[in-house]
Amino acid sequence: MMSGGIEITFCRQCKNALADLKIIEAEIEETAKRADWKVRKSHEKIKAGISACPNACAAPQIKDFGALAFIIPEVDRKRCTACGMCVQACRENAIELEEYPVFSEKCIGCGDCMRACPSEAISGQVKFRILAGGKLGRHPRFAEEVLIADDTNSIADVFSQIVKISMENKMRFSHIPGCVDILKKRIRG
Ligand code: SF4
Ligand code: SF4
Ligand code: SF4
């Protein structure tokens, strides 16, 4: 989606999706429509990428604003039969099967184990990793994590701040020196 000088990419929300992005889409697009951000050159556009799982198909890591959904997996011990299917499903090698599965810090929250469990013993609260300040071009830079959000309101709020900071500085967010620090100060009040 393109609105004025703001380019927003949502992933196609395939079978791996951990969250429904419809509400976020509406809020983000509304903010973009309201923003008076007109540019003449492609590299001046504010870019946003929002993905429904850590596979990050919308490339949030290289956008001014990025968000991706993930889960923190948990096991229901009453349901678990210790079959080991979750261990086989995890491409990050993040599960040790002791009496029950134990998740390590290598977990990226993709949900593959949850989908693979035949006993529906794995669940997880959906959260969003919010990133800011990424860009390509002559001096490419990966976006930095600025917040872990439990709800979609925070996603829309951070996006709105990024557009506001761009407008105040008359410069695309990721081109402003110290942009991520400016944003962090605003988020943390
Ligand atoms: S980011 Fe995840 S949910 Fe979205 S299209 Fe890619 S694999 Fe599917
Ligand atoms: S796949 Fe499910 S039932 Fe099997 S070990 Fe993992 S959590 Fe337990
Ligand atoms: S959520 Fe993904 S990375 Fe984490 S333990 Fe399950 S399969 Fe592995």
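This is a predicted model: local features need pLDDT of at least 70, side-chain atom pairs count only at pLDDT 80 or more; totals for chains, interfaces and linings use all residues.

User: How do you know that strand 3 and strand 4 pair, and in which direction do they run, parallel or antiparallel?

Analyst: Pairing takes at least two bridges between the strands. Strand 3 (residues 46-51) and strand 4 are joined by 4 bridges, so the two count as paired. They run parallel. One bridge partner to look for is Ala 67 in strand 4, which goes with Ile 50.

User: What makes strand 7 a partner of strand 4?

Analyst: Again it is the bridges: 11 of them link strand 4 to strand 7 (residues 122-132), and this pair is antiparallel. You can find Val 126 of strand 7 opposite Ile 71.

User: Why is strand 4 called largely enclosed?

Analyst: A residue is buried when its relative accessible area is under 20%. In strand 4 (residues 65-75), 8 of the 11 residues are buried, so the rest of the structure largely encloses this strand.

User: What makes a residue part of the shell around ligand 1?

Analyst: It needs a heavy atom within 4 Å of the ligand. Among the residues around ligand 1 are Cys 11, Cys 14, Cys 53 and Cys 57, as well as Arg 12. By class, this shell holds 7 nonpolar, 4 polar and 1 charged residues. Cys counts as nonpolar here.

User: And where does ligand 3 sit?

Analyst: Ligand 3 is in the largest cavity. Residues around ligand 3 include Cys 90, Phe 103, Cys 107 and Asp 112, and its shell divides into 7 nonpolar, 2 polar and 2 charged.

Technical notes:
Residues are numbered from 1 along each chain as its sequence is written. Chains are lettered from A and ligands numbered from 1 in the order in which they are written. Side-chain values use heavy atoms; hydrogens and water are left out. On a 1 Å grid over the protein atoms alone, a cavity is a set of points where a 1.4 Å probe fits but cannot get out, and a pocket is an open set with protein on both sides within 12 Å along at least five of seven lines; lining residues have an atom within 4 Å of a point. A molecule sits in a cavity or pocket if more than half of its atoms lie within 2 Å of its grid points. Buried means under 20% relative accessible area, exposed over 50%, partly exposed in between (1.4 Å probe, protein chains only). Helices (H or I, at least four residues) and strands (E, at least two) are DSSP runs, numbered from the N terminus.
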